[in-house]
Amino acid sequence: HREPLDVARVKDAIVERYYQKRAIGSISEQFVQARRKALLVMATGSGKTRTTIALVDLLQRAGWVKRVLFLADRVSLVNQAVGAFKAHLPESSPVNLVTEKDQAGRVYVSTYPTMMGLIDETKGGEARFGVGHFDLVVIDEAHRSVYQKYGAIFRYFDSLLVGLTATPRDQVDRNTYELFDLEPGMPTDAYELETAVADGFLVPPRVQKVDLKFPREGIDYDSLPEEEKEQWESLDWGDDEDGPRLPDRVNSTAINNWLFNKDTVDKVLQHLMEHGHKVEGGDRLAKTIIFARNHEHATFIEERFNHHYPQHKGHFARIIDHYANYPQSILDDFSQKDKVPHIAISVDMLDTGIDIHEVANLVFFKPVYSKIKFWQMIGRGTRLCSDLFGPEQDKQDFRVFDFCFNFDFFNENPDGIEGSGVIPLGTRLFRTRVQLLGHVRSTPNLDPEAALDEALAGELYREVAGMNRENFIVRMHLQAVERFQDRDVWAQLDESDHETLQREVAGLPSEIETDEIEARLFDLTALRMQLALAENDMGAFEISRQRVVEIAMLLEEKSAIPAVKTQLEYLATLQENGFWEGIGLGGLEELRLRLRGLMPFLDRKMRNIVYTDFQDEVLDVREEEVVYMPKMTGAQYEKKVKEFLDDHHDHIVILRLRTNQPLTETDLQGLERTLAEIGDEDGETLLKGLLARTETPSLAHFVRGMVGMDRAAAQAARALATL
């Protein structure tokens, strides 16, 4: 809102949205009927915080909720939420559990790691927070950080659950909808950016796509002028096996990754300073976020800015990333309207969740492939800001400068490319050992002396025995853990045991000491080779075999290290093809044990950073049409239509369909308009898509199929048919 938040007004707006518009039915109805009593709300910008405050106020006043837990994945977001509660709902007595662990209140705000520790904490033998301590848990940015170990928090607390996000995930391994027991693409309720802009709660982006030659095409040696070719030849490109490297070209992916060109950065800064939104009568650049590719890139941008604006050196443009000293302090300064810095050069830290209303310029100086991350980054500029450009000159839009073709990429790939969630190494090792143990027991000739059987069962038992029964994550699987902490159980495991170990026990925290990660990664490689051999998957076996041979060659270069020197003969032998002929699981186990301890001696190769001063070129500057976040999906629309029909059996046209009365053309047109309005601007398209997807011949058939026929009307129709 442009004026200070009126909680009562927002509460009334939510009541209207939930009750009068019947977007998801009444709150009580939704809470009672939901299988896990969970809601997922899609909202953009500061709407998430406002929704939380209003919902907490509503539920606490109604007596539904006494204590609330608000969870975020960063300290800065915790501080932001505490500030919002103190400003708009002070009677909730918000407690920041990151800094005030012993305080009491009605709303508690915490990061995930802090809450994990507090759940395990006990006082006088009693848990600091029992399973019923909170009546409502709110997850900020529910699309991230909640799918692996932190998901245990939501399984632990017996409470209502509300998730807030603008960009829910629907990947198999990180499915936000599944966490809330919803069908993919169908949040409990959604409030899209376009609607928020139309309602005056957010501002839209104005996008300018600036095509630079080097980030688009790379740099070709043959296309450089003679003086730049000389510079190319004098650069330290690093070494190959046969001597110094001198490439013919570098691809576009190298630009701003490990090759940093002065003129490329200079042209970006020049364009920003000339075309970005200004404040103070046009004398100063408005608050700006530059999204950089990595720390070296951010440092180079800062250096070039200081070179061109020495009067602002060290304070106007600052790096905010995990390498910075006191990044939270710099962010706090950036969050204040008239305080330096005014340009934040960010590497991942300002991509999501930061709520700074004065941000009026975003610079995409890196490629982004995740749709979720991209739209989260766009969201940094959407906040309203009154009097930003002067008295009664409010923020009406924000500028987006795209130097890395992100909008072109998402125009061609609307869903983007999402990386899959990485399963923790310990979980992968445990599951692979369980699989391999199953094979050696079902096929005894793979391990005739049962040596591998004993080693695998012993290692798995040791890990389970190290699981602390007082740990709250372990307690939720206590029956399974207690069973496998009995050493005798491992002598004979049935199919159900293997499934329980894979599904429930793998990944639970254990207190056993672990070796260095390099050794454990090699364990995984060797175990996968053994598993591939047991399953006769020679393709997978060969990939791992080649990797092991490569490792042996690299280790030979470390012959000065005594531990390596003792294995030199073995290392040379395993590089011969004959070594692998007829090798069995026992031979692979010996290989694992002999080499795992040598892994930390391997070098981590790093590519040389190259700095150049070649003349770049602006190929084109294109204005993008008004851009909005992804709109309502067909699945969301179908859900809203069904809910509308369920809640409006007394609608005149629906009533006529239910009672088998004839309809006029006007009736059908009116119903069509009503259903189209549910989909806002895209309603007509969404309605046509719904009818096509459900393969219904007409709107009347579709509605009749949803609402059914009144019993008396059906009996009358049947009686008429029998005459």
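## Close-up views of a predicted model

**View 1. Asp667 and Arg656 meet in a salt bridge.** The closest N and O atoms of Asp667 and Arg656 are 2.6 Å apart, where a salt bridge is a side-chain nitrogen of Lys or Arg within 4 Å of a carboxyl oxygen of Asp or Glu. The pair links distant parts of the chain, with Asp667 in helix 29 (residues 665-678) and Arg656 in helix 28 (residues 652-658), 11 residues apart; helices (H or I, at least four residues) and strands (E, at least two) are DSSP runs, numbered from the N terminus. Asp667 is buried at a relative accessible area of 12%, whereas Arg656, at 27%, is partly exposed. Here buried means under 20% relative accessible area, exposed means over 50%, and partly exposed lies in between (1.4 Å probe, protein chains only). This is a predicted model, in which local features need pLDDT of at least 70 and side-chain atom pairs count only at pLDDT 80 or more, while totals for chains, interfaces and linings use all residues. Residues are numbered from 1 along each chain as its sequence is written, and side-chain values use heavy atoms, with hydrogens and water left out.

**View 2. Asp523 and Arg592 form a salt bridge between two helices.** The N to O distance between the side chains of Asp523 and Arg592 is 2.9 Å. Asp523 belongs to helix 21 (residues 517-534) and Arg592 to helix 26 (residues 585-595), so that this pair links distant parts of the chain, 69 residues apart. Asp523 is buried, with a relative accessibility of 3%, and Arg592 also counts as buried, at 10%.

**View 3. A salt bridge joins Asp397 to Arg206.** The closest N and O atoms of this pair are 3.9 Å apart. Asp397 lies in the loop between helix 14 (371-378) and strand 22 (398-402), and Arg206 lies in strand 10 (residues 205-212), so the pair ties together parts that are 191 residues apart in sequence. Asp397 counts as buried at 15% relative accessibility, while Arg206 is partly exposed, with a relative accessible area of 35%. The whole structure contains 36 salt bridges.

**View 4. Phe374 and Trp375 form an aromatic pair.** A pair of aromatic rings is described by the distance of the centres and the angle of the planes. Rings of Phe, Tyr and Trp (its six-membered ring) pair if their centres lie within 6.5 Å, and planes under 30 degrees apart count as stacked, over 60 as edge-to-face and the rest as tilted. The structure holds 28 such aromatic pairs. For Phe374 and Trp375 the ring centres are 5.3 Å apart and the planes stand at 70 degrees, so the pair is edge-to-face.

**View 5. Helix 14 is mostly covered.**

**View 6. Phe541 and Trp580 pair edge-to-face.** Their rings lie 6.3 Å centre to centre, with 80 degrees between the planes. The pair links distant parts of the chain, Phe541 being in helix 22 (residues 538-556) and Trp580 in helix 25 (residues 577-580), 39 residues apart. Both Phe541 and Trp580 are buried.

**View 7. Leu69 is among the residues with the most contacts inside the largest nonpolar core.** A nonpolar core is a set of buried Ala, Val, Leu, Ile, Met, Phe, Trp, Tyr and Cys residues joined through side-chain atoms within 4.5 Å. The largest one has 56 residues, and those with the most contacts inside it are Leu69, Met115, Ile153 and Phe157. The largest share of this core, 7 residues, comes from helix 16 (residues 425-442). Apart from this core lies another, of 50 residues, among them Val162, Ile330, Trp375 and Val400. Not counting residues up to four places away in sequence, Leu69 touches several residues, including Leu97, Tyr108, Met115, Phe134 and Phe157, where contact means heavy atoms within 4.5 Å.
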